[in-house]
Structure formats: structure tokens, C-alpha cells
Amino acid sequence: MAREEYASLSTLTLAKVASRRLLAAHPDGDLSVICLNIHKSSVSAARALAARLSTLSISERHYWIGTLYTLMLDPHQRRRQAAYFTPPYLAEALIDYAISKGFDLGRHDVLDPAAGGAAFLSLIANRMRRIGLSEVDIAYRLNGIEIDPALARMSESLIEERLGGFADRQMVHVGDALQAVPLASYDLVIANPPYGRLSISEVVGENWAKVAHSGHINKYALFAELCFRVAKPKGLVALVIPSSFRSGPLYEKMRSFVLSQGQILAVGSVSNRKDVFADVAQDVSVLVVRKGGSHKASAKVEFPVFGPSGKADRPAFGKITSNPSSSWWAPSRFADVRGGATIADYGATAKAGYFVWNREQEKMSGGDDPQARPLIWAANIRAGRPCLPATRDGAGIDFVTVLEGSTALVTDHAVVLQRTTNNNQARRLIAASVDPSVVERWGGFVCENHTIVLRGAGRRSMSLLAVLLNTKAVDDRYRAASGTSNISVQLLRQLDLPPPSVFRDALRESRDPEKAAEVAYEKASQTSRVNEVSA
Ligand SMILES: C[S@@+](CC[C@H](N)C(=O)[O-])C[C@H]1O[C@@H](n2cnc3c(N)ncnc32)[C@H](O)[C@@H]1O
């Protein structure tokens, strides 16, 4: 590839090309050393990447060197470690927020128990340096744990670069943080911990039981427990974690634990036009808690939105009750006009699209394979139009080979939504019913990971749901709860809707879905007020 061709690639694509070529050139090399030395590499794509990175800030450069490393990992290992790094804009915004809540760069100790590419520690080192602290002082107050030895070495080097080469103290220790015996307590424990389900046989010790049900243990909940354990009283715990903890019975125990540990200061959303993490669509939130006592239900909790230009102005404030079964979404201005139903009342269940094409390209096939099923991309979804599979350039259909009975295969009535929208789109929720001819012809279909699939048994109620989800009344309620452009599956499951019978009647009367949705919310909330009075 010529130099001009590299120049036309996005940084992520260039990093992917460089990762493949570097792996081919150094099959047995130490990946951390390779990534830290791309500027000296004989691989032209690596040098092109180094040249690109040299135009960026140190933070961006560090982020991309770390990301290059993760792209070179075996994909299964990358997923197992959840090696997806916090972009600098989000790490900076979270550090700013911690500072606004009392984290003192001049005095406080910090731990990141899942240090990765030093997203937080390297930025904090930089800030400490900027306020004039000595390298020794900084090095003795920054602490990390990282399970991947090469990544730990890389982290260490990146922090050392911030400290002008100071290397007298090892800051990032290699190990499994969940099995580490905490040696100290910290003023700030900050982390974007790994996530992913664990079976009960994989967990060690008893601490998991404080934050998880035995049937649903997620690594990030275990890390949350660890973070509170090692934070000082009055210290801050600042986490970037999947949004699933915010609602639903599976995370009730985790919410109950957090409520028992301190004052919840912020439950934030993360907005970005693209995916927050390079290469993976994950719906993430921010949780900041001051350790000590139980959360006071009367205390104000901030529901900020973190975006590329930091924390957005005028965040919403609300309260979090001491009942852990309540959701932790931003307070809604629609609290007085509640429909009282959810997608479940329409018979629908929601899941993120299953197929991650750039991880599983080998499964993409021509349509001749008897097990090939058409793939629905987010770009195929147009509000209110029947959805049909098509390649992204519209020239044909992409197929994916899936086994009969696979959970990836959708064979029922489905409504699909775009999972990431951009800020220029008038609506957050963009929904379409999948044309029944797709299941009739191919026996099912597969959805790409940037979609959300709602599946249900009843064709009429699923079509009704698609109409409802595309109305402004529903969109406004969605936006009131989440300020981000990524659509949360969790929030969609909890989203307040008018009951199907009420919406159907209203639609029959007005024929205008927009009007019908408003009327249905109004009617449903009047009915529930009347029921409350007569009860
Ligand atoms: C989501 S990444 C975040 C890394 C970094 N702190 C950031 O914000 O970009 C999670 C990191 O945790 C590491 N990790 C996974 N399991 C771990 C464990 N049990 N103990 C310590 N680190 C772990 C992974 O290798 C990965 O680097």
C-alpha cells in the first residue's frame, strides 16, 4: 500500500492494517515492545501509523498504542480480557469530575485495578506533573494492577514517559486484581473494569455474593465490589461500566451493595457519535460514589452526560431511592404522564444484534450455503418502512452461516432498531418491522451488532410496537432518560409505553400515530390516577 493510501484510512483502520502486518513480520515478538517502537519499525503500515500518531496529543498517542496492542491480541483473548480502552476524552472528563468532587491531585493516592493501557494513570500523572509535583511523589501515589504482563509493562512505559523517564518505582503490578490482597486504601479508585459473564465455578472467594446472584455473575460487578473494598472512607470510586447495572433484577444485588457503600454522586451516560470503545458497541455508563455510610435517599444525584467536550452543561439531578429494585435512569420530566407498560406488554423481548462482522468475517458467506441466512445491517433500518436485508452499498444481500437453533438466528416477528444514531438524526429511536417475506424465504435472519432486535410472537402487536417506537412521544421519553446517542437495550426494556390496547384504540380513532401516542399516554395515566383514587 502506498503512503497516500494509508493517509486515506481512519486511524482505527490504519491500526488494524498495521496490527496484521506487524504480527506477520514478528510472529514471536513481545507485543508491548513492538507497539512501543512502531516509529522504528521496518513495517511500512506501522511507520505510517507512527507518523499519524506523531501529529496527535500524547494522550491520544498512548490510547492508540494501547489499542494497537489489543488489535494484535488473539480475538478470544481480547474479548476475555475486555481489552477495550477508555478514550482520552472520557478519561479526562471522569478525572475532572473526580477533582470537582474532592480528588486532590496534590495529596491523594490513586488505584486503577484494571490498568490496561494506563488510560487513567497516564493522564493523572500528566496532571500531577503540571501542578509541579516531583516525579518521585507522583510515582509513589499512582498504582495499577493488570493481569496481562505485556500490557502492564506497556502501561508502565507510558506513565514513565509522562514522568520524563522516571522509573524507580514499579507502579503497575501484574496480577489478577480480584485475587489480590489489597495492601492499601486509596483516595481515588478509578477503573474501566473488564466485563463478561462468569460461572460460579470460575469465581474465587466469597465477595462475589455481595454484588451478584449465583446465576448471573459479571466481572464488572466483582470489580465494583473490589473498588469499594480498597477505597478509603470518604474516598471516591469512579467507574466506567456497562449500563446493565442501572436497571433490572439481574443487577439488583449490585445496586443494593452500592447503596450500602456510600453516597452516589453521579450516574452518568456517555455520548459519542461513534462507539465509545474502538471496535465494540458497548453501552456504557459512569458511576461515581463517595465511600462511607449508606446512600441517602434524600440526597441529590447528578445524571450527567459525558461527551467529547467533557461533561455537558446543565445535567439533570434526581434522587435514588433506597429500594434496589428501582432503576437508576435519569429522572423523567414525563413522570406525571406515564403509560405504565413496557415492550414486554407488547410481547417483545430485546437483545443487541448478535453478529460482529469484523470479528467473524469467516462466517460471512454467499447465499448458496443451505445454512446461510441474510444479514440485516443498521443501515437497512428506515423508520416506518418494512426492513429488508441489503449490503451496505445496497448492491445485494450479505449472508451469514448460522446453525439451526442458534440464538443468533431470528425466526419470529421482529422489530429492528438502529443501536447507534448520530446527533444529526431527528430521532434517537429508529425502528422498522422486518418484512415477513424474509423469514418466509430464508427461514430466518441474523442482525449485525449495531442493531437491536425486538422479537415477539404476535405479528400485529409487533407492528403496533414499531409504529409506537417511531413516535415523538416515545422518543422524547427515551431522550429524557438517556442523553446519549447509543441506544441502551436495558433502557429500551424499561421504557415507559402506553399499553397496547390503549394505543391501538387511539390509533383507530385518529389514524395519526403521533397524535395517537400522545392521547394513549394521557389516557393511560388518567386511568391509573382514577384507579389509585378508587383503590
Ligand atoms: C476495559 S479494559 C480497561 C483498561 C484501562 N484502565 C482503560 O480504561 O482503558 C480492562 C483491562 O483489565 C484487564 N484485566 C482483565 N481482567 C483482569 C483482572 N482479573 N485483574 C486485573 N486486570 C484485569 C484487561 O487486560 C484490560 O486491560
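**Exercise 1.** Describe how α2 and α5 cross in this predicted model, and state which residues form their contact.

*Solution.* Begin with the handedness: α2 and α5 cross in a right-handed sense. Next, consider the geometry, in which the axes of helix α2 (residues 11-25) and helix α5 (residues 58-72) come within 9 Å and cross at roughly 50 degrees. Then turn to the contact itself, to which α2 brings Thr11, Ala15, Lys16, Ala18, Ser19, Leu22 and Leu23, while α5 brings Trp64, Thr67, Leu68, Leu71 and Met72. Sorted by class, the residues of this contact are eight nonpolar, three polar and one charged.

**Exercise 2.** Determine which residues of helix α4 (residues 44-53) are buried, and what covers them.

*Solution.* The buried residues in α4 are Ala45, Ala46, Ala48, Leu49, Ala50 and Leu53.

**Exercise 3.** Characterise the side of domain 1 that touches domain 2.

*Solution.* First locate the parts: the chain is divided into domain 1 (3-81), domain 2 (88-318) and domain 3 (343-534). The centres of domain 1 and domain 2, taken over C-alpha atoms, are separated by 26 Å, and 14 residues of domain 1 are in contact with 18 residues of domain 2. On the domain 1 side, α3 (31-36) and α5 each supply at least two residues, and α5 gives the most, with seven residues. Finally, by class, this side has six nonpolar, six polar and two charged residues.

Definitions and conventions: Residues numbered from 1 in each chain as written. Predicted model: local features only at pLDDT ≥ 70, side-chain atom pairs only at ≥ 80, totals over all residues. Axes fitted to C-alpha atoms, helices over the stretch in contact; angles between N-to-C directions. Helix = DSSP H or I, 4+ residues; strand = E, 2+ residues; numbered from the N terminus. Left-handed = near helix turned anticlockwise from the far one by under 90°. Contact = placed C-beta atoms within 7 Å. Nonpolar A, V, L, I, M, F, W, Y, C, P; charged D, E, K, R; others polar. Buried ≥ 20, exposed ≤ 12 C-beta atoms within 10 Å, placed from the backbone. Domains from an automatic or database assignment.
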